[in-house]
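Please read it alongside the sequence and structure shown here.

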Amino acid sequence: DSESPELSLQDPQEQLDTISRQLNESLAINLMQKVLKMSPYDFEKLVVQLLEKMGYGEPSVTKKSGDAGIDGSIKADKFGFDTIYVQAKQWKLDSTVSRPEIQKFLGALVGKGASKGLFITTAKYSNEAIQLANQKIVLVDGDMLIHLMIEYNLGVHIETIYEFKQIDDAFFDNDD
């Protein structure tokens, strides 16, 4: 029997859940490899595209140099009430964004008169960076970035949809 021991002990629904999880884990790994191969400027554009897909308005990417610590901006809503400034760092997976990077971004936000920002990286964050960001900066690490890209179909597409049906007991439990 070529079935894995993990799958053979599961009912069909559990088997499908296991296979789905494995496929999504593989997709996430492959998607991250693609993201890491992008140019830094294309990565910044990807981040802004993701935010647009998530429902934010008027995305823009700053010019390649002299961005004063701001890589892009989006409107908090489609009506454009508040601007959210974005910092995007495409770093190696084993890298860590530390407190000084967050301090620089906080300084850039102050320079723009902004109260909140969004820092997105392919790496991780140090505990000190997380503490400093507190409520002024939302931090998105590589795992969350890839999860959001998959959830909002950015850089991925639906390959196959399977439809499974169950008996509708309410249909047959007619007391009339």
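Tyr 162 counts as exposed because its relative accessibility is 64%, where exposed means over 50%, buried under 20% and partly exposed in between (1.4 Å probe, protein chains only). The model is predicted: local features need pLDDT of at least 70, side-chain atom pairs count only at pLDDT 80 or more, and totals for chains, interfaces and linings use all residues. Residues are numbered from 1 along each chain as its sequence is written, and side-chain values use heavy atoms, with hydrogens and water left out.

**Surface patch**

- Tyr 162 sits in the loop between α6 (142-151) and α7 (169-172); helices (H or I, at least four residues) and strands (E, at least two) are DSSP runs, numbered from the N terminus.
- Together with Leu 16 and Phe 164, Tyr 162 forms a nonpolar patch on the surface, with about 380 Å² of accessible area.
- Patches are made of residues with over 30% relative accessible area and no salt bridge, with nonpolar side chains (Val, Leu, Ile, Met, Phe, Trp, Tyr) joined within 5 Å and like charges within 9 Å.

**Largest pocket**

- The largest pocket holds about 630 Å³ of space.
- A pocket is an open set of points on a 1 Å grid over the protein atoms alone, where a 1.4 Å probe fits, with protein on both sides within 12 Å along at least five of seven lines; lining residues have an atom within 4 Å of a point.
- Its lining comprises 16 residues, and Ser 20, Leu 23, Asn 24, Glu 159 and Thr 160 lie nearest the centre.
- Helix α2 (residues 12-37) provides the largest share of this lining, 6 residues.
- By class, the lining divides into 10 nonpolar, 5 polar and 1 charged.
- Ser 20 belongs to helix α2 and is partly exposed, at 36% relative accessible area.

**Salt bridges**

- The structure holds 6 salt bridges, each a side-chain nitrogen of Lys or Arg within 4 Å of a carboxyl oxygen of Asp or Glu.
- Within helix α2, Glu 25 and Arg 21 lie 4 residues apart, about one turn of the helix, and their side chains meet in a salt bridge (3.8 Å, N to O).
- Asp 42 and Lys 45 form a salt bridge (3.4 Å, N to O); both lie in helix α3 (residues 40-53).
- Lys 89 and Glu 101 also meet in a salt bridge (3.8 Å, N to O).
- Lys 89 lies in strand β3 (residues 83-89) and Glu 101 in helix α4 (residues 99-112), so this pair ties together parts 12 residues apart in sequence.
- Salt bridges with shared partners join Lys 89, Glu 101 and Lys 104 into one network.

How values were computed:
Accessible areas come from the Shrake-Rupley method with a 1.4 Å probe; for residues, only the protein chains shown count as cover. Grid points are joined across faces, edges and corners, and a volume is the space filled by probe spheres set on the points. Ala, Val, Leu, Ile, Met, Phe, Trp, Tyr, Cys and Pro count as nonpolar, Asp, Glu, Lys and Arg as charged, and the others, Gly among them, as polar.
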